[in-house]
Amino acid sequence: MIQDLHDIQREAGATFEPVAEEMVPASFGNDAAAIQAARQGVAVADLSHWGRLKISDDDRLRYLHNQSTNDFQRLKPGQGCDTVFVTSTARTIDLATAYVMEDSVLLLVSPNRRQQLMEWLDRFIFPMDRVELADVSNESATFSLIGTQSDRLLQTLGIELSIAEAYASHQSVMLGEIKAHIAVGSGLALPGYTLIVPVSDAAKLWQTLTVAGATPMGDRIWQQLRIEQGRPTPDHELTEDYNPLEAGLWQTISFEKGCYIGQETIARLNTYKGVKQQLWGIRLEAPVEPGTVVMLGEEKVGKLTSLTQTDKGTFGLAYIRSKVGGKGLQVQVGEVAGEIVDVPFLTHEYQ
């Protein structure tokens, strides 16, 4: 079924590259138009290669409450949240978005963490737990509408929603003959929506959105935007070297809830101001390989984790030791000068 979607995308100029063993549209040959649409109009990105995990049965909320950083016990059907799965020592596995349904919870997880999270979650289901876990990634597709005109586009399709609604709130809607699940939030620090549909309707929905005026966006531009805006991803900013407080994911953590995996370490870091490094944006004068050490004079103060080229020059993300400062700091990354700057995802401007 996903092949029908890829055929339509290929006809629209898409070139494909592998991401986590899936072929995804890397570019539609319109990169400048796509980024302009995301900033001032509406773009649509295909996130179908992301994982979708379904947790069901009576103990589903209690179970997720105990396995990740956010407070699931307060959530009702139609609500959602971002949450982080961490190890027992609070090292980050993945940043996920959870949508609470009437009879299940759907997790949208990073492409390269789908299998690992399935195995991780399964490990903590005990015989008395009334929890069912299923990978439904191949049964569905996910699209992200990105941009200030997302509301207007949906209105032309007969859907009245408001980006001002609570982040991750969601509902089922009919887009013509297509039954879609739509949630507030684009996944980036830009207004928009996330749409999830059965894979059999993926090609039809993509066509509906693009005919209505959404500019197709390839993964290459999505990655540029996520770096510019500071969204951390696995294998770059989210690794066993860092915890979610260092990654700036404070909004995903409940400090009031009870015990969960990694809770003791996170509580201690928060109580005793133990966050030794923080994730920042960094403007650079030239490209540098991710993994390069960040220097302040003769002192090693951090590491570059991601890099992209933008219309304003070279931009990256880097962890910087808290004690040396933050915004405005002038540093060296290899042989290249850089300046530490704020990024909207880490200042929670997207929620």
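Visitor: What makes strand S17 count as mostly covered?

Guide: Seven of the nine residues of strand S17 (residues 313-321) are buried. Buried stands for a relative accessible area under 20%, exposed for over 50%, and partly exposed for the range in between, with a 1.4 Å probe and protein chains only. The strand itself is a DSSP run of E with at least two residues, whereas a helix is a run of H or I with at least four, and both are numbered from the N terminus. This is a predicted model, in which local features need pLDDT of at least 70 and side-chain atom pairs count only at pLDDT 80 or more, while totals for chains, interfaces and linings use all residues. Residues are numbered from 1 along each chain as its sequence is written, and side-chain values use heavy atoms, with hydrogens and water left out.

Visitor: Which strand forms a hairpin with S17?

Guide: S16 does so, with two residues between the two strands. Strand S16 (residues 299-310) runs antiparallel to S17, and eight bridges join them. One of the bridge partners is Gly-313 in S17, which faces Thr-310 in the bridge.

Visitor: What makes Lys-273 exposed?

Guide: Lys-273 has a relative accessible area of 69%, which is over the cut-off of 50%, so the term exposed applies. The residue is placed in the loop between helix H8 (263-271) and S14. Lys-273 also has a positive phi, about 50 degrees, although it is not a glycine.

Visitor: How do the residues lining the largest pocket divide by type?

Guide: The lining has nine nonpolar, seven polar and five charged residues. Nonpolar covers Ala, Val, Leu, Ile, Met, Phe, Trp, Tyr, Cys and Pro, charged covers Asp, Glu, Lys and Arg, and polar covers the others, Gly among them.

Technical notes. Two strands pair if DSSP finds at least two bridges between them.
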